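Please look over the sequence and the model first.

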Amino acid sequence: MRYDVLIAGVGGQGTILASRILAAAAILKGEFARTGETIGMSQRGGCVVSNVRLGAEKVSPYIPNAQADLLLGFELAETARNMGRLRPKGAVVANTQTIKPVSLSLGIGKYDVPELKEYILANCGKAVLLDGYGLAAQAGSVKAVNIVLLGAACGAGLLPFDRSELTQTIEHSVAPRFVEMNLRAFSLGYAAGEK
């Protein structure tokens, strides 16, 4: 199994936990996994990009441009900003909810949601765009958006793991009091990805 997943979002969305869950699922299958993060401002709201390289023992932990098989986008503008990292005909699973930067409140720049969606759809082989925050809230907490997106990617057949491998990994990766909520979030994402 050789598969590269780029996870893009902003601080506080759970991108690093999502990368650790993917790596742990690979290790559970007996595969090698390598991760690396690029973190923006050291506070919530800064850009975060996690690289997950599955089955790639003798490579850098950072995915080269135009090589990611899958882009998991936790925020719409961050998804669009990282599209150049996706291989031709690669897949995207993205949360359509937005976190607008401070520059917008200062009147600098624009944030055109339809334009961002159009750009993403035009530059990938397959896309699953969903209201990740809405599904996470339905599961019990918007903080479970990371698990919703993993579920959607699995449901769409875009990960080299089956549902049981990922749910088992989630059970071992989150605090016991949050397991049930995260499994609900995964199921809701899975169903959205299957559509």
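The model is predicted: local features need pLDDT of at least 70, side-chain atom pairs count only at pLDDT 80 or more, and totals for chains, interfaces and linings use all residues. Residues are numbered from 1 along each chain as its sequence is written, and side-chain values use heavy atoms, with hydrogens and water left out.

**The sheet**

Helices (H or I, at least four residues) and strands (E, at least two) are DSSP runs, numbered from the N terminus. Two strands count as paired if DSSP finds at least two bridges between them. Six strands form an open sheet with mixed pairing, in the order β2-β3-β1-β4-β5-β6. At its edges are β2 (33-39) and β6 (126-130), each of which pairs on one side only. On average, neighbouring strands of this sheet are turned by 15° against each other, direction ignored; axes are lines fitted to C-alpha atoms, for helices over the stretch in contact, and angles run from 0 to 180 degrees between N-to-C directions.

Strand β3 (residues 47-54) has seven of its eight residues buried, where buried means under 20% relative accessible area, exposed over 50%, and partly exposed in between (1.4 Å probe, protein chains only). Strand β1 (residues 3-10) runs antiparallel to β3 and is joined to it by eight bridges; here L6 stands opposite N51 in β3. β2 also pairs with β3 in the antiparallel sense, over seven bridges, and T35 stands opposite V52 in β3.

Strand β5 (residues 86-95) runs parallel to β6, with five bridges between them. N95 has L130 in β6 as its bridge partner. Helix α6 (residues 145-155) lies across β4 (68-73), β5 and β6, at about 135° to β5.

**Helix α8**

Not counting residues up to four places away in sequence, N182 touches A144, I147, I170 and V174.

**Salt bridges**

A salt bridge is a side-chain nitrogen of Lys or Arg within 4 Å of a carboxyl oxygen of Asp or Glu. By this rule the count is four. Three of them are among those tabulated here.

| Pair | Distance, N to O |
|---|---|
| R87 and D69 | 2.8 Å |
| E78 and R81 | 2.6 Å |
| R184 and E180 | 3.2 Å |

The pair of R87 in strand β5 and D69 in strand β4 links distant parts of the chain, 18 residues apart. R87 is partly exposed at 31% relative accessibility, whereas D69 is buried at 14%.

E78 and R81 are three residues apart in helix α2 (residues 76-81), which means about one helical turn between them. E78 is buried, with a relative accessible area of 8%, and R81 is partly exposed at 49%.

R184 and E180 are four residues apart in helix α8, so about one helical turn separates them. R184 is partly exposed at 36%, while E180 is exposed at 58%.

Key
Contact = heavy atoms within 4.5 Å.
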